[in-house]
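Subject: Structure handover

Hello,

Here is the structure I said I would pass on. My notes on what was found in it follow below.

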Amino acid sequence: MTTENRRFLLAERPSGPVDDNTYDLVTEPVPEIKDGEALVNVTWISIDPTNRTWIGEEPTYLPPVAIGEVMRALGLGEVVESKNENFPVGSVVQGLTGWQDYTVVSDSNPLMIVPPEVDAPPSAVLGTLGMTGMTAYFGMLEIGEPKEGETVVVSAAAGAVGSVAGQLAKLKGARVVGIAGGPEKCSWLVDELGFDATVDYKADDWRDQLKEATPNGIDVDFENVGGEIMEAVFGRMNKDGRVALCGLISGYNEKELPPGPRTFGNLLIQRVKLQGFIILDYYARFGEGIKQMSQWVGEGKIKSEQTVVEGFEELPNALNMLFAGKNTGKLVVHIEP
Ligand SMILES: NC(=O)c1ccc[n+]([C@@H]2O[C@H](COP(=O)([O-])OP(=O)(O)OC[C@H]3O[C@@H](n4cnc5c(N)ncnc54)[C@H](OP(=O)(O)O)[C@@H]3O)[C@@H](O)[C@H]2O)c1
């Protein structure tokens, strides 16, 4: 176990992808705990598109990370020292750990204990059985509400949320079309995850591909990307369709946002219901979602994929990987214990 606490502190707000000036990497002593506190050694960090939104100027659903503050992030670790009986030594915990080797928890600043019966690798605890899996679960099943025979389109389909969201729609009997970058990811979606068709948005003819893949229009859009892709999907929405507005990753690194979708009027004509959602609002129901997803994963009905990056110092590079499509499934950084 490392005897110092490495931390990435926000140094300046990036105007595009994060770069060498975005963070200061500092080394501090391991924090000493007081009565009521426990010390957690962080071993895995979840890399999420929302990390980029947290270091912009504007508040989102959380205030921006302040300059000089440790980078906010979800992670997983183990309690290594404790003066709080609610966090016994050896407990595995997950939650907002930040980009650092150690964090201190207490009853007023807790992390969630991962129940010992959760029989899954840490990358899956942070992925399919964690925040991203729950985003797919509640977003697809409760907002998208796919029905047998309907056409469901998922963008960023080979990523953490999208790959699970598409499989959930398949479980409900829908025809599922995934939009992803490159032939390799598209083949993986069909061959490994059972998607019915794909659109390679990096190909020149992606708009034609979308038309061919959705001959009967689109009933559910699980929207992860925004921009031109969302505009094209909106233009093909069917009457009484649903849009689960999950993310708009194509704009997160941009200073100038693209103009609004020119096809927005089709949502009106087709009486489409669009609902944005933030998964934190479903936190009280995570137990229910994790139980169901664990069962489906155990039965082989949902496949869980991850991309693992090794090494604490790789954290900023790993964040940029999301925007270059260098991950398949859940992206996590493993920190050497
Ligand atoms: N609402 C919520 O509570 C909530 C919670 C979690 C996540 N989200 C959102 O869900 C979306 C997916 O998140 P995730 O964690 O599962 O990430 P992810 O999909 O695993 O990774 C991001 C993927 O997005 C694609 N991408 C990146 N830039 C793009 C662009 N300009 N145009 C098209 N595709 C692009 C890349 O795949 P390609 O190789 O296919 O380009 C990349 O692999 C994000 O928008 C995120 O903000 C929302």
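On the surface, Asp204, Asp205, Asp208 and Glu212 gather in a patch of negative charge. Glutamate 212 belongs to helix α6 (residues 206–213) and is exposed, with a relative accessible area of 65%.

Some background on the values. This is a predicted model in which local features need pLDDT of at least 70 and side-chain atom pairs count only at pLDDT 80 or more, while totals for chains, interfaces and linings use all residues. Residues are numbered from 1 along each chain as its sequence is written, and side-chain values use heavy atoms, with hydrogens and water left out.

The terms used for the surface are these. Patches take residues with over 30% relative accessible area and no salt bridge, joining like charges within 9 Å and nonpolar side chains (Val, Leu, Ile, Met, Phe, Trp, Tyr) within 5 Å. A salt bridge here is a side-chain nitrogen of Lys or Arg within 4 Å of a carboxyl oxygen of Asp or Glu. Asp and Glu count as negative, Lys and Arg as positive, and His and the chain ends are not counted. Buried means under 20% relative accessible area, exposed over 50%, and partly exposed in between (1.4 Å probe, protein chains only). Helices (H or I, at least four residues) and strands (E, at least two) are DSSP runs numbered from the N terminus.

There is also a nonpolar surface patch of about 250 Å², made by Tyr61, Ile278 and Leu280. Leucine 280 sits in the loop between β13 and α9 and is partly exposed at a relative accessible area of 47%.

Next, the aromatic rings. Rings of Phe, Tyr and Trp (its six-membered ring) pair if their centres lie within 6.5 Å; planes under 30 degrees apart count as stacked, over 60 as edge-to-face and the rest as tilted. The count by this rule comes to 11 aromatic pairs. In one of them, tryptophan 54 and tyrosine 61 are edge-to-face, 6.5 Å centre to centre with 65° between the planes. Tryptophan 54 is buried, at 5% relative accessibility, whereas tyrosine 61 is partly exposed, at 35%.

Tyrosine 137 and tryptophan 296 form a tilted pair, with 6.3 Å centre to centre and 45° between the planes. This pair links distant parts of the chain, 159 residues apart: tyrosine 137 is in helix α3 (residues 131–144) and tryptophan 296 in helix α9 (residues 286–298). Tyrosine 137 is buried at 9% relative accessibility, and tryptophan 296 is buried at 12%. Elsewhere, ring pairs join Phe8, Tyr23, Trp99 and Phe312 into a cluster.

Why is α3 described as largely enclosed by the rest of the structure? The reason is that 12 of its 14 residues are buried. Among these buried residues of α3 are Thr132, Met134, Phe138, Leu141 and Ile143. Just after α3, glutamate 145 takes a positive phi of about 45°.

Two further residues have a positive phi. Aspartate 240, which is not a glycine, has a value of about 60°; this residue is in strand β12 (residues 237–245) and is partly exposed, at 43% relative accessibility. Arginine 271, also a residue other than glycine, has a phi near 55°. Arginine 271 lies in the loop between α8 (264–269) and β13 (273–276), and is exposed with a relative accessible area of 54%.

Regards

Terms used. Areas by Shrake-Rupley, 256 points an atom, 1.4 Å probe, with all protein chains shown as cover. Charge placed at Lys NZ, Arg CZ, Asp CG, Glu CD.
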